[in-house]
Structures are given as structure tokens and as C-alpha cells.
Amino acid sequence: PCGLAPDLCGRGLGESLVRLAITEWKNSGTDAPLRLLVRPFNRRAITVYERCGFHDIGREHRVVVGSETEFMVMDLSRA
């Protein structure tokens, strides 16, 4: 898991963090897609991811702290 500490949210740092991760992915030479999971209610994060080029490709359910939780799966093309 990766993200900003709650006390750093809302300061405009998220986009820089995501763009740094994208740069590292592009420079890694991997053919693996860059995908992330985000809770559907987290509109601030989704907005940042969309600005960085990610798009919604579906839903996935995972067990988190003993209960099933829905996540949006987002993908970034290598283009």
C-alpha cells in the first residue's frame, strides 16, 4: 500500500506523488501494467488518478480487517 498520510491530504501533494510513481514505472522497463485499487467513495484520490491518466476498468472485492470491501481498479496505459 502506498499513499499520503492523512495529515498531508488536501495540500496538493498527491498528484506529484502519483506522477513520480508513473515516472518510476515507465523507467523500470517492465511490461507489467500499472494498476491501482481505490475505494469508490474516495473522490479526491480518484480525481487525482484521473488527472494523471488512469481510467476505471472495473471493481474488485478484497477482505480488509475481516470484512469484504469493494475497490475500484484503475489502469494506466503505457502510451
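Biologist: Okay, two strands pair if DSSP finds at least two bridges between them. What order do the strands of the open sheet have here?

Modeller: The order is 1-3-2, in an open sheet of 3 strands with antiparallel pairing. Strand 1 and strand 2 are at the edges with a single partner strand each, so one side of each has no neighbour in the sheet. From one strand to the next, the twist averages 30°, as an angle between lines fitted to C-alpha atoms, on a scale from 0 to 180 degrees between N-to-C directions.

Biologist: Before I go on, what kind of model is this?

Modeller: This is a predicted model, where local features need pLDDT of at least 70 and side-chain atom pairs count only at pLDDT 80 or more, while totals for chains, interfaces and linings use all residues. Residues are numbered from 1 along each chain as its sequence is written, and side-chain values use heavy atoms, with hydrogens and water left out. Helices (H or I, at least four residues) and strands (E, at least two) are DSSP runs numbered from the N terminus.

Biologist: Which residues of strand 1 are on the covered face?

Modeller: L34, L36 and V38 are on the covered face, with R35 and L37 on the uncovered one. In a regular strand, side chains alternate between the two faces of the sheet.

Biologist: Switching to helix 1. Which of its residues are buried?

Modeller: G14, V18, I22 and W25 are buried in helix 1 (buried is under 20% relative accessible area, exposed over 50%, partly exposed in between, with a 1.4 Å probe and protein chains only). They span an arc of only 70° around the axis, which puts them on the same side of helix 1; the arc uses directions from the helix axis to the C-beta atoms. S16 and N27, on the other side, are exposed.

Biologist: What covers those buried residues of helix 1?

Modeller: The cover includes strand 1 (34-38), helix 2 (43-51) and strand 3, where contact means heavy atoms within 4.5 Å.

Biologist: Last topic: which residues in the largest nonpolar core touch the most other members?

Modeller: Those are V18, I22, V38, Y49, F54 and M74, out of 15 residues. A nonpolar core is a set of buried Ala, Val, Leu, Ile, Met, Phe, Trp, Tyr and Cys residues joined through side-chain atoms within 4.5 Å. Helix 2 gives the largest share of this core, 4 residues.

Biologist: What does F54 touch?

Modeller: Leaving out residues up to four places away in sequence, F54 touches V18, I22, L34, L36, Y49, M74, D75 and L76.
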